[in-house]
Amino acid sequence: MDLTKTLLLGAIAAVTIVIGIPLGRLRTPAPRLKHFLNAVAVGILLFLVWDVLSHAWEPIDTALGNVHTHTGGLAPVFGYGGLFVGGLGAGLLSLVGYDRYLDRARHGSSRLASWSPAKRLALLIAAGIGLHNFAEGLAIGQAAASNEVALATLLVVGFGLHNATEGFGIVAPLAADADAEPPSWRFLFGMALIGGGPTFVGTAVGHGFTSEAVSVLFLTLAAGSIVYVVCQLLGVAARARRTSLLSWGILIGMVAGFATDAVVTVAGA
């Protein structure tokens with residue numbers, strides 16, 4: 001498949017993230033709905049952590065299997081393992097440092113520091129999802145470059161469904177912040193670009209360049225950043241003390257994630 005058609009597939013998979021974006025302007029005084037939206041976002045992100053780490057672990061698992069069957073050495077194990085741990089640590093700890101920096105700069109001239117906590121959290125979620133979607137784009141590009149048209153098409157459908165739920169995950173903190181002014185459409189679509197745009201970029205890169213190491217690195221960076229965001233959202237939920245609502249929301253979010261992943265599994269990816 002040529003590059004133009006491949007990029008079109010990447011664009012289709014990327015643009016579906018805007019489906020959930022309008023929910024960021026939802027305003028409601030109902031505390032139960034606010035906490036439920038937060039819980040559903042946690043469920044979606046928990047699924048993404050599992051999905052990302054399971055894919056990132058595959059090369060390590062394969063290398064360990066080769067060691068067991070005496071068909072490979074330990075070098076790939078330590079190589080991919082180092083990328084796994086390094087990416088996970090960088091994704092998690094870099095956001096810790098970034099959040100601390102914004103706290104110190106809150107009274108300064110930094111525009112980001114003046115944002116509400118909900119906006120800052122939406123940005124962190126979008127960044128983590130963007131790293132994840134770059135790796136998904138790599139898979140689409142590689143399948144198209146190998147002329148596996150059916151596989152590439154099914155990946156687009158599956159990843160497109162994923163992105164639709166991820167768009168909601170990005171804006172859930174904004175919808176839950178009922179006391180704040182509704183975010184502008186410019187801000188919302190900016191978050192969609194940060195979260196979904198890397199799918200398109202990854203597709204272009206994957207069409208001409210294949211690297212399992214790069215995929216592992218981006219997947220673990222995404223996992224680390226999403227873990228940090230999940231901790232923040234769980235902190236919000238803990239203060240609400242609505243355990244039943246939290247549990248139902250997490251369940252629905254995780255089921256939505258696994259349901260969309262089923263389409264990708266059908267493709268054999």
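Analyst: Let's start with the surface: the chain exposes about 12,600 Å², and carbon and sulfur atoms supply 68% of it (Shrake-Rupley method, 1.4 Å probe). This is a predicted model, where local features need pLDDT of at least 70 and side-chain atom pairs count only at pLDDT 80 or more, while totals for chains, interfaces and linings use all residues. Residues are numbered from 1 along each chain as its sequence is written, and side-chain values use heavy atoms, leaving out hydrogens and water.

Of the 269 residues, 45% count as buried, meaning under 20% relative accessible area with a 1.4 Å probe, protein chains only. The chain has eight helices and zero strands, taken as DSSP runs (H or I, at least four residues; E, at least two) numbered from the N terminus.

Now the pair. The axes of H1 (residues 3–15) and H6 (residues 185–208) come within 8 Å and cross at roughly 155°; axes are lines fitted to C-alpha atoms over the stretch in contact, with angles from 0 to 180 degrees between N-to-C directions. That makes H1 roughly antiparallel to H6 (over 145 degrees). On the H1 side, the contact (heavy atoms within 4.5 Å) is made by Leu3, Thr6, Leu7, Gly10, Ala11, Ala13 and Ala14. H6 brings Gly196, Thr199, Phe200, Thr203, Ala204 and His207. Sorted by type, the residues of this H1 and H6 contact are seven nonpolar, six polar and no charged; Ala, Val, Leu, Ile, Met, Phe, Trp, Tyr, Cys and Pro count as nonpolar, Asp, Glu, Lys and Arg as charged, and the others, Gly among them, as polar.

Definitions and conventions
Parallel < 35°, antiparallel > 145°, perpendicular 65-115°, else oblique. Buried < 20%, exposed > 50% of the residue type's maximum accessible area, 1.4 Å probe, protein only.
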